[in-house]
Amino acid sequence: MSADNTLPSHASVVVIGGGVMGCSTLYHLADAGLSDAVLLERNKLTSGTTWHSAAQVRALRSTRNLTELIRYSVSLYSKLEEETGQATGWINKGSLSIATSFDRLTHILRQEALARLFGVRATAISAGEAKERWPLMNADDVIGAVWSPDDGRVSPSDLCAALVKGARANGARIFENCGVTGILTKDGRIAGVETPLGTIRCDAVALCTGLWSRKAASMAGAAVPVWPCEHFYLLTKPVEGIAGNVPSLSDHDGHLYIRDDSGGLLVGCFEPMGKPIDPDRLGEDFAFQLLPEDWDHFEPMMVNALHRLPVLETAEVKVLLNGPESFTPDGSFLLGETAETRGLYLGCGMNSVGVATGGGAGMALAHAIMHGHMPADLGEADPKRFPDCFNSVAALTQRVPEVLGKHYEITYPNRQWSSARGLRKLPLHEAWTKVGASFGQVYGWERPLHFGGPGLDTPTFGKPGWFDAVRGEVMQAHEKAAVFDQSTFGKIEVEGPDACALLERVCANRMDRAPGRAIYTAMLNPRGGIESDLTAVRIAGDHYRLFVGTSAIRRDLAWLSGHADAFRVKLTDSTELYAVLGLMGPRAAQIASDVGADELNALRYFEAGPAHIAGKHVRATRLSYVGEAGWEITCKAENAGAVWQALHEVGARPAGLLAQTSMRIEKRFLAYGHDLDTDTSPLHAGLGFAVAWDTDFIGRDALLAQRDRGVTNRIATIILDDETAVPLGNEPVYWRNEIVGKTTSAAFGHRVGKPLALADFKSPDALVEGAQVTVDIAGTRWPGRVTLKPAFDPEGARMKS
């Protein structure tokens, strides 16, 4: 409890939750000068999850910005003791990741390459060298390893004590034993919090409530899909051979992590299928308790542990610790403002990386609260990335056990979830099932990946089983006509007398065009970064329909709503009302004629107009995302079956998402979340053609400054020489033995017969037509050449408006 037990009547920010995320967020708010911030904890600091965390800190993550959060954490944990006088228990002994299968070896070698790209120290070593670093390990089945010297661990309770001490020194206040009973909102914004000790009016709330975040967020009208699972680790009494601290050992093929603990061993696991637990069963008073031991559940992991560490056969067990931790439906945490309630910020659902990420994540959350945006793109953690269907108890209790199990799973390309499927089905789902669709889940939707049947989806880093099926779909679109189901695209109706004025403000391209025109544009933030790229169709003077990315609908609606207060507009999510079928290929024109929709052939590029197919009204737009001429045909969802049947009867055949991806990479069309993000500007991405410099759009000043500095396109295509190379994206690109960029999207280009990658070049020296580069794929450098043009650019399929 604060020395002064009286709650303030007002605070700029109220942080709810006294675990590592809450303490870190409060520390960074106070450190940045927000001295009136307060933290409310219903029990004691570190209660819930933080206190029993194994607290491993591993630097490498899947993206540069997530990795930077960890690196910031390491730096912070190292310096906090000097700043506050409170030790954090930071121990830097490195970590060792072993492989006992060739696919696991590929996985950790890809991680080693990624580490070099991000500037993290990591080195591939032999099984013998791994044994030298961990003498107690049975290495008979180990075929390779990666050594990461900068990894370590921390004492979670000491860390929180240091963060709180630093926060208090800068004026922040902490109230323990003070639960929040209500979150007040007004006109969709945070207004305050209610507690048994009184009400605090505030401008923002940072919700860092761990296991209870879903229930807590509901008090503010926000959906937060977080659910706990039981998490196990074994502690032994001292064992011979453990002297002092040793590196952490990751045996992910065995689902294990291992380190020393007080002269003994800590053996933890992320078993293939976890055990969910209802947070209501834990009760309001659950603080420093543990869940019952479950040796039956842990036994398979114990067998693995005995194999890896024979010394366990004679070790004396202290406890099998079972503590709950919270997980999200995709295994990434939640960081940022919610879509539903302005001023409600989340720092929760940490998926067992709370202590490792907490320092950096707390810094980023405080930055977002104070400045309105993250310090760098963290789209993977954006709370707006989930549809409502994932917030049900049924979906969460099905999914989070698998999420826990995938924590240590090999990250094969196109990896899919097996649980909580069928949540959202396309209007043509049954039709696609009948013709052999293999589905992937995208934003809850079941979307056809390919039409070769599910038997082709065996995970691999090599040539996939569906390769020939996808080639057939590409060639169908290239030589005849294919239909791509794009119904999952988000659709937003912008209606009202100020519809044009709003879009002229939030979009970088000129939106004031005649009805019947389509416009490709980006929405930018004030720093010139791309918040979204979309296609808008002006249906009438006061009505636009926006087609946005499948996973972008909540984010884009929130962005539009956040800028619409001064405009007379109505924003509506119409995603599920309409189906979109992309009819593409050289026979598309004849097919349009055959189904009685000759009006489509009169449309020019980026024109939209009405027609009828099978007696059903459609609105088609002449554009293409695959580099073959055609239309994106929008119809009411209930009419999709009749429209598809008519197209199919005159020769159109279905093609899936994998074929679409291959074709858009060949054409150098960019995808948000891969090639574009909030750190990338249109000038960086070669999208200057979609900027109307004489309009007053958000981000214009920043973009003008970039133009004045000579910022130009840095994205190009790499065509690899060897047809057997399998680039996946996120690989280092070398030029003259120096890393000059990374791949952002990759696929086999079936129309050019070569593996391709789009790449973001940080060095302009290599961004030259014909430059010879190499791409590091799991430790092997594959040669290729740079082209500044699309790898494949068929005549008459231009996209620019």
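**View 1. Tyr 257, Phe 270 and Tyr 408 come together in one aromatic cluster.** Rings of Phe, Tyr and Trp (its six-membered ring) pair here if their centres lie within 6.5 Å, with planes under 30 degrees apart called stacked, over 60 edge-to-face and the rest tilted. Across the whole structure, the search finds 11 aromatic pairs. A word on the source: this is a predicted model, in which local features need pLDDT of at least 70 and side-chain atom pairs count only at pLDDT 80 or more, while totals for chains, interfaces and linings use all residues. Residues are numbered from 1 along each chain as its sequence is written, and side-chain values use heavy atoms, leaving out hydrogens and water.

**View 2. Tyr 625 meets Phe 669 in a stacked pair.** The pair counts as stacked because the ring centres are 6.1 Å apart and the planes lie at 5 degrees. Tyr 625 belongs to the loop between strand 31 (616-622) and strand 32 (630-636), and Phe 669 to the loop between helix 17 (657-666) and helix 18 (700-709), so the pair ties together parts 44 residues apart in sequence. Helices (H or I, at least four residues) and strands (E, at least two) are DSSP runs, numbered from the N terminus. Phe 669 counts as buried at 12% relative accessibility; the cut-offs are under 20% relative accessible area for buried, over 50% for exposed and partly exposed in between (1.4 Å probe, protein chains only).

**View 3. Helix 17 is mostly covered.** Nine of its 10 residues are buried, among them Leu 657, Met 663 and Ile 665, along with Arg 664 and Glu 666. Just after helix 17, look for Arg 668, which takes a positive phi of about 60 degrees.

**View 4. Glu 628 and Arg 751 join through their side chains.** Their polar contact spans 2.8 Å (a pair of N or O atoms within 3.5 Å; within protein, one must be able to donate a hydrogen and the other to accept it, and residues adjacent in sequence count only if both atoms are side-chain atoms). Glu 628 sits in the loop between strand 31 and strand 32 and is buried, at 6% relative accessible area.

**View 5. Two arginines lie over aromatic rings: Arg 133 over Trp 147 and Arg 622 over Tyr 605.** Arg 133 is 4.2 Å from the ring centre of Trp 147, and the charged end of Arg 622 is 5.0 Å from the centre of the Tyr 605 ring. The criterion is NZ of Lys or CZ of Arg within 6 Å of the ring centre and within 35 degrees of the ring normal.
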